[in-house]
Amino acid sequence: MKTDTSNSPYNSQSWLTATAATTALLGTAALLYRINWPRLLFRTIFAVLAPTKERLWPSDDVALVSPQSRGMAWILVAGPPPPHDIHLIRKMMRHFWPHVWPPIDSNQIQVESLPTPREDSETILIWPSSSTSTFTDSNNNTALIHVHGGGMVAGTTGTERGFAVELARRLQVPVLSVDYRLCPEYSVQEAVQDVVDAYQYFVTKYPQYTKLSFLGGSAGAGHALLATLQLQKEKIQPLPTSLVLSSPGPGMEFLKPIDDIHNSSTTYWKSLTENAPVDGFMVGGFYQYVIGVVFGSNQANREYVQSQLQVSNLQKLPPTLVTAGSYEVILEGVQKLVSCLQKANVKVDYKEYQKMQHCHFAFFEWSPESSAALDELITWLQASWK
């Protein structure tokens, strides 16, 4: 007797269909798993959505920035404010931001983990490919020390790895990207010592590099400044040839002397309130929150920064480039630093980028203004090494 298998689940046609559907489902899942979602999200926002928002962003007599930059600023401000919780901030910076950067081209850039003195360090050394070198120095003795930001409470070298790689690519010099311990578990002085230790390790292991510059953004700029003062105090050779301080803070509240324009208290910085609606990185009182975490109840942190940022200590600093965006809530703090450096007779150049936000160099891939500003920074650094 012949058995009817047309409705059997083991029917060959049904089996093939089920197999094909399962394969397609698994293939789709595998593809989706491999997609870099943070980077895809940023590409969508800044390449597609941002330019459409340019009409919603305020304009004035200042030359208008590009649709990408205006849209970027609008989206940053319109989005959710940064969480006022250091644990959430750290998770976001550790697990989201590292994936936003462009993929690292191993043919042009080599990333080497550096065995720094501390076991928990994530300091990395980025080597550019000599075959693509465009920067010529007869002595081949230039290098850059990069210090990441994060309000002194968050951030890792992974957070800004893409930026550090881009610096190595454009400068064609090795870039040491330094990690450090964070507040409030550790003090500002301990974090600065981490930067000093990494610098000293590098110059000891690679003595051929005698022209070195610090570059830091936000908290990284503050740590770079304080580390340079510490290196000078300890007479560690070679000393940094130049400094690049992008949107330096927190800590500028403790600069002395106090002039008639900039009061020592953050509550008197008009930019804190006037720029709050347009600085997407510092909305919702985020800067005040960070200041509270770092300095609020920590007298030791306050005393350390105050003791270091004296005009008498600043007088021996190397040539320094200070940058800021006109939309920053800490704009007046940056201007105060420039004023103090000038009073200390430091050779300081100050560049204020109109309608740009806190640490806007990080958006070099998305904003033509940020990319052009980064080129200006590169030109300044190269000139400081001659």
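A: What follows goes through the aromatic pairs and then turns to charges placed over rings. The model is a predicted one, and in it twelve aromatic pairs are found. A pair of aromatic rings is described by two quantities, the distance of the centres and the angle of the planes. For W101 and F364, the centres are 6.0 Å apart and the planes make an angle of 15°, which makes this pair stacked. W101 belongs to the loop between α4 and β1 (109–113), while F364 belongs to the loop between β8 (348–353) and α13 (368–384), so the pair ties together parts that are 263 residues apart in sequence. Buried here stands for a relative accessible area under 20%; W101, with a relative accessible area of 10%, is therefore buried, and F364, at 8%, is buried as well.

A further pair is formed by F202 and Y206, whose centres lie 5.2 Å apart and whose planes are 40° apart, so that the pair counts as tilted. F202 and Y206 are both buried, and they belong to a cluster in which ring pairs link W127, F202, Y206 and Y209.

Rings can also have a charged side chain over the face. R181 lies over the face of Y186, at 5.1 Å from the ring centre, and K351 is placed over the face of Y353, at 5.3 Å from the ring centre. R181 is also among the residues closest to the centre of the second largest pocket, a pocket with about 300 Å³ of space.

Methods. Residues are numbered from 1 along each chain as its sequence is written. This is a predicted model: local features need pLDDT of at least 70, side-chain atom pairs count only at pLDDT 80 or more; totals for chains, interfaces and linings use all residues. Side-chain values use heavy atoms; hydrogens and water are left out. On a 1 Å grid over the protein atoms alone, a cavity is a set of points where a 1.4 Å probe fits but cannot get out, and a pocket is an open set with protein on both sides within 12 Å along at least five of seven lines; lining residues have an atom within 4 Å of a point. Grid points are joined across faces, edges and corners, and a volume is the space filled by probe spheres set on the points. Rings of Phe, Tyr and Trp (its six-membered ring) pair if their centres lie within 6.5 Å; planes under 30 degrees apart count as stacked, over 60 as edge-to-face and the rest as tilted. Helices (H or I, at least four residues) and strands (E, at least two) are DSSP runs, numbered from the N terminus. Buried means under 20% relative accessible area, exposed over 50%, partly exposed in between (1.4 Å probe, protein chains only). A charge sits over a ring if NZ of Lys or CZ of Arg is within 6 Å of the ring centre and within 35 degrees of the ring normal.
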